[in-house]
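Work through the exercises below with the model open beside you, and try each task before reading its solution.

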Amino acid sequence: MPFPDLPMRRLGMAAAAIMAVAVAGTAAAQSMVVRSTGPSASKYPTGTKLKSTDKVTLVNGDKVVLMQAGKTRTLSGPGTFGATGTVQVSQSMGTTVTRMIAKSPTMRSRGGATRSDIVAVPTDIRAPNLWYLDYREGGTFCVADPATLLLWRPTMDTEELLTIEQAGKIEKVALVNGANFRKWPTDVMPVQYGVEYRLSGAGLPTPVRVRFAQVDSVPDTVEGSVDMLVAKGCSPQLNRLVDAMSESETAGG
């Protein structure tokens, strides 16, 4: 029986390893458009993948946010920019992003409530985690776990009633003083995918309409979270995450 040519086998294995590294490097060098506004927004829609050699040409009024390796770069027109670059991220803002994508966020309430780890915040502050349903935000919402879905509001100093309507059925949810959150009433208003819920009251100036999208597996990374949110069309959560990443970019330089 002939023996294999070991030098040739090793050479082949080395070539394969080099190729794998090259492919991995190419993938890592890619950027994704995670927000695009201005006259050129249709040219660089959210979800667009850019190679390291690509150029982004913007006109006055354009703003494009690119994500690479879990960090963002904000490009403002006019100008032509490379698709990749280095972004420094501060430790505190990195923690904010980590908290935003956590699968099991902690919560806090005040005045005797027992299930929360959130402090009172100004009304212009976003929900601190992707999986809280900020009922001010309409559109498609990706649900990590219907059984633990939480409604979230930015303040905790009032008692309000949120009205949820779906297919002629109405349920009122009490938001109590001292808590930012309240569990979605799954026992009487189960989470259904692809149907519209109408939310009103509880400080909303106009009714908000929400549709739920199913998430089969919650991503562990920022990149995975962005990919999933883009694919599912969950724009409110994507905007929330991009805001958190953009703050990291600003704080880090």
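**Exercise 1.** Which residues do ring pairs link into a cluster?

Solution. Ring pairs join Phe141, Trp184, Tyr197 and Phe212 into a cluster, where rings of Phe, Tyr and Trp (its six-membered ring) pair if their centres lie within 6.5 Å, planes under 30 degrees apart counting as stacked, over 60 as edge-to-face and the rest as tilted. The model is predicted, so local features need pLDDT of at least 70 and side-chain atom pairs count only at pLDDT 80 or more, while totals for chains, interfaces and linings use all residues. Residues are numbered from 1 along each chain as its sequence is written, and side-chain values use heavy atoms, with hydrogens and water left out.

By this rule there are four aromatic pairs. One of them, Phe141 with Phe212, is edge-to-face, at 6.3 Å centre to centre and 75° between the planes. Phe141 belongs to strand E8 (residues 139-143) and Phe212 to strand E14 (residues 208-214), so the pair ties together parts that are 71 residues apart in sequence; strands are DSSP runs of at least two residues, numbered from the N terminus. Trp184 and Tyr197 also form an edge-to-face pair, at 5.4 Å and 85°.

**Exercise 2.** Find what the side chain of Asp62 reaches.

Solution. Begin with its place, the loop between strand E3 (55-58) and strand E4 (63-68). Asp62 is buried yet has no salt bridge, the nearest side chain of opposite charge, Lys43, being 7.7 Å away; buried means under 20% relative accessible area (1.4 Å probe, protein chains only), and a salt bridge needs a side-chain nitrogen of Lys or Arg within 4 Å of a carboxyl oxygen of Asp or Glu. The side chain of Asp62 instead reaches the backbone nitrogen of Val59, at 2.7 Å.

Methods:
Helices (H or I, at least four residues) and strands (E, at least two) are DSSP runs, numbered from the N terminus. Buried means under 20% relative accessible area, exposed over 50%, partly exposed in between (1.4 Å probe, protein chains only). Lys and Arg count as positive and Asp and Glu as negative; His and the chain ends are not counted. A polar contact is a pair of N or O atoms within 3.5 Å; within protein, one must be able to donate a hydrogen and the other to accept it, and residues adjacent in sequence count only if both atoms are side-chain atoms.
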